[in-house]
Amino acid sequence: MATPNRPLSPFMIGPYYRPQITSVLSIMHRGAGVFLAFGAIVLVVWLLAAAGSRTAYERFAEIAGSPVGIALGLAFLVALVFHFLNGIRHLLWDIGWGYGAQGEPEKAKPVRAMAKAYHAARNALWGKVLGYGLDSGNDDVSRTGRLVVVLTLLLSAGIAWCAWCVLEGRA
Amino acid sequence: MSLRDPLAIARGLGPAKAGLHHWWMQRISSVALMFLVPWFVWFVLPLLGADRGTVRDAIADPLQATLLLAFVFSLFWHTQQGLQVVVEDYIHAAWLELTLQLAIKFACALAALAAALAVGRIVFSA
């Protein structure tokens, strides 16, 4: 017999939990994925424009080179890098890696170092302003999450810098 | 009180249907993209701000065209799989869910076809 009024486990978003690095990254992974679906459409429009007439390509280049186009391109870049790195984190979980408990030993050292850098940056950027940060665990899942955030920022910045150099070289 | 086995009543009513197969296919497309995304970034960066001829020459290279199509197909396969799960999780009105699932599948298939034709046209007219 079905029991209709059984208690439900509270949803991760809402008044029940403080935002945690794990839950925030989880929902951001989905958000970035949905956002990147639109980026995939832009990619196809680019290919169609390149396969089409000269005017078609010029029009595409004009829109892509506009401030809105560049901002959107940057947003796609950051979303792609994040989804890529966090996706690798997911794949590592699938093969059973990265589920360690608190105070894991030596192998977590580089991850912990990155996590420290993340904390320093976070506090400098918005921790003091907002008065609170993400609730951050000390397990491998949280640590690799922070590593993903740091690497996303570094990699995106690096690629964006390369892109800027390419554009400068053409100007 | 029914004498039927509760499992027999529940069977076929769950949300998962062919869940494991979908999960596994999603891992396959993920692994493909794990290799193809870095390639794509490396391929596309030098083409930023380039004119049409340069872009077409780059795409027309047989190896690059192959990888580009592999990337686009993996990308839309993965996109369809991911969006399907998002809709399954958050859209609960049956008619809307079915509509969105079909729309997503058709849109991804169309986009992949369009990309294939575009790349093909560039390759075969080079």
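Arg30(A) counts as partly exposed, at 24% relative accessibility (buried is under 20% relative accessible area, exposed over 50%, partly exposed in between, with a 1.4 Å probe and protein chains only). Arg30(A) forms a salt bridge with Asp89(B), and the closest N and O atoms are 2.7 Å apart (a salt bridge is a side-chain nitrogen of Lys or Arg within 4 Å of a carboxyl oxygen of Asp or Glu). The pair crosses between chains, from helix α1 of chain A to helix α4 (residues 62-90) of chain B. This is a predicted model, in which local features need pLDDT of at least 70 and side-chain atom pairs count only at pLDDT 80 or more, while totals for chains, interfaces and linings use all residues; side-chain values use heavy atoms, with hydrogens and water left out. Residues are numbered from 1 along each chain as its sequence is written, and chains are lettered from A and ligands numbered from 1 in the order in which they are written.

**Salt bridges**

- Over all chains, the structure holds three salt bridges.
- Asp89(B), the partner of Arg30(A), is partly exposed, with a relative accessible area of 37%.
- A salt bridge also links the side chains of Asp94(A) and Arg27(B), at 2.8 Å from N to O.
- This pair joins two chains, because Asp94(A) lies in helix α3 of chain A and Arg27(B) in helix α2 (residues 19-44) of chain B.
- Asp94(A) is partly exposed at 34% relative accessibility, whereas Arg27(B) is buried at 15%.
- Within chain A, Arg143(A) forms a salt bridge with Asp140(A), where the closest N and O atoms are 2.8 Å apart.
- Arg143(A) and Asp140(A) are three residues apart in helix α5 of chain A, so about one helical turn separates them.
- Arg143(A) counts as buried, at 1% relative accessibility, and Asp140(A) is buried too, at 7%.
- Side chains of opposite charge can pair when their charged atoms come close.

**Interface of chain A and chain B**

- Chain A gives 29 residues to the contact and chain B gives 42 residues (contact means heavy atoms within 4.5 Å).
- About 2900 Å² is buried between chain A and chain B, with 76% of it on carbon and sulfur atoms (buried area is the accessible area, with a 1.4 Å probe, that two parts lose on being put together, summed over both).
- Two salt bridges are found across this interface.
- Eight residue pairs are in polar contact across the interface, both residues being at pLDDT 80 or more (a polar contact is a pair of N or O atoms within 3.5 Å; within protein, one must be able to donate a hydrogen and the other to accept it, and residues adjacent in sequence count only if both atoms are side-chain atoms).
- On the side of chain A that touches chain B, the elements that give two or more residues are α1 (21-51), α2 (54-65), α3 (67-94) and α5 (140-170) of chain A.
- The largest share of that side, 13 residues, comes from α1(A).

**Chain A as a whole**

- Chain A has five helices and zero strands (helices, H or I with at least four residues, and strands, E with at least two, are DSSP runs numbered from the N terminus).
- From the N terminus on, the order of elements in chain A is α-α-α-α-α.
- Of the 171 residues in chain A, 31% are buried.
- Among contacts in chain A between residues at least 6 apart in sequence, 77% join residues at least 24 apart.

**Cysteines**

- The count of disulfides over all chains is zero (a disulfide is a pair of cysteine sulfur atoms within 2.5 Å).
- The closest cysteine sulfur to that of Cys162(A) is in Cys165(A), at 6.4 Å, which is too far for a bond.
- Cys162(A) is partly exposed, with a relative accessible area of 34%.
- Cys108(B) counts as buried, at 8% relative accessibility.

**Gln101(B)**

- Gln101(B) is in helix α5 (residues 94-124) of chain B.
- Gln101(B) counts as buried, at 9% relative accessibility.
- Gln101(B) is in contact with Gln84(B), Val87(B) and Glu88(B), leaving aside its neighbours within four places in sequence.
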